[in-house]
Amino acid sequence: MDFARSAHPDVQAQLNRLSMLSPAGDRLGLERIGELLNRLGRPQDRLPPVFHVAGTNGKGSTCAFLRAALEAAGHKVHAFTSPHLVRFNERIRIAGTLIEDDELALLLSEVLDASGGIEPSFFEVATAVALLAFARTPADACILEVGLGGRLDATNVVERPLITAITNLALDHQQFLGRRLPGIATEKAGIAKSGVPLVSQLYPPAIGGRIGEIAHETGAPWLPRGSVWDAIASGGKLRYRDRQGALDLPLPRLPGRHQAMNAALAIAMLRHQNALDVPESALRAAMGWADWPARLQHLTAGPLVGEREVWLDGGHNPSAARQVAAWAKHAFKDGKPLHLIFASLASKDPPGMLQPFVGVAAQVDTVPIGDHASFAPSELADMAGELGLTALPHDSVADAVAAAPEDARMLIFGSLYLAGEVLAANDQVPD
């Protein structure tokens, strides 16, 4: 389940209250959030134009590109994303600024006061707090990132978004969404709304066909990559085209080919809506402005890593591992050994995440994840060994960093919760 602590005593008091009132674990369904929002005056009906983003990998980055482009165009933007890495506040950005502790404490109290008998989940409370904050502060746009799935996700209470999108799809959260990609695609496509464009990446026929069926049944115009819009990363440029014309943009500052496609999806969303003006200059600026922590982030010198070369990625499924390993193989060609510092929640697929690093990582250093059910470092080391990887268990990330040779570069991977621990320990709190 999600977890949060705060240095602000009033926020922590409400988080403690939330942990007491809410049942443990993720829960899907719109009944609880719907009733809670009804008691709060239906704030979801008083939002600025909404960009709603679902998917498995790339949701947060796509939202970051959307926000960067909209803000570069001079618009004020609300954004609700998840999970947080270090502070709960990271989930809620009001008109461009992270929610302040005093306001967060008051809103948490208001939502929890209204929740008697409902027993909302952690995420449902977070969603209600965000929507309430957004409804009370003027802005030009609102970005909502789906938490889990789409059809039954708490963010799907918005009845008439401006535009919706689906990012890359992969197997994840199978206990909630099913064990086959067409079924997962069905859940993600549940954010489709009649008359609202649904923009998506390009998928194999069985997956794309299912999204197309849902869009047709709903009455949502479906705009997959490769149809009315397309994009490629080529020659050091992001080359995008649609019926309005072609764009040659800089590649994103965020590393990895997958980030170019996330940026392209955001561009397609912005160019297939007509409520907000976003000129090409703003799209160009967004390629350099967009920032999303723990996505192939090069850590600065700090208490945890010292002056060592350490990269951090919060990916937590095999699809993300393939993207990260492919980037590492391409980016690190100087012969410097790569140590993979790896952890995994107990609900994930460690062998599937480790396999792409065979032949890429010189060694795997396995660590635990604090405050969450995770595989023991010794178990992960055994799994890595069975794949032919050299592996050693450690009690903590700090121990793994200290044990690595001075000439090694390190990549920390496997969990956003682990990424949050690392950023906090290295004094790099996202803002």
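## Exercise 1: A cavity and its lining

Task: find which residues line the second largest cavity.

Solution, step by step. The second largest cavity is lined by Phe-65, Ala-69, Ala-263, Ala-266, Ile-267, Leu-270, Leu-283, Ala-286 and Met-287. The elements giving two or more residues to this lining are α3 (59-72), α9 (257-271) and α10 (280-289). Among these, α9 gives the most, with 4 residues. Sorted by class, the lining has 9 nonpolar, no polar and no charged residues. Ala, Val, Leu, Ile, Met, Phe, Trp, Tyr, Cys and Pro count as nonpolar, Asp, Glu, Lys and Arg as charged, and the others, Gly among them, as polar.

This is a predicted model, in which local features need pLDDT of at least 70 and side-chain atom pairs count only at pLDDT 80 or more, while totals for chains, interfaces and linings use all residues. Residues are numbered from 1 along each chain as its sequence is written, and side-chain values use heavy atoms, leaving out hydrogens and water.

A cavity is a set of points on a 1 Å grid over the protein atoms alone where a 1.4 Å probe fits but cannot get out, and lining residues have an atom within 4 Å of a point.

## Exercise 2: Placing Asp-230

Task: describe where Asp-230 is found.

Solution, step by step. Start with the strand: Asp-230 is in β9 (residues 229-234), where strands are DSSP runs of E with at least two residues and helices are runs of H or I with at least four, numbered from the N terminus. Next, Asp-230 counts as partly exposed because its relative accessibility is 23%, between the limits for buried (under 20%) and exposed (over 50%), with a 1.4 Å probe and protein chains only.

Note on methods
1 Å grid on protein atoms, 1.4 Å probe; cavity = no way out; pocket = protein on both sides within 12 Å on 5 of 7 lines; lining within 4 Å.
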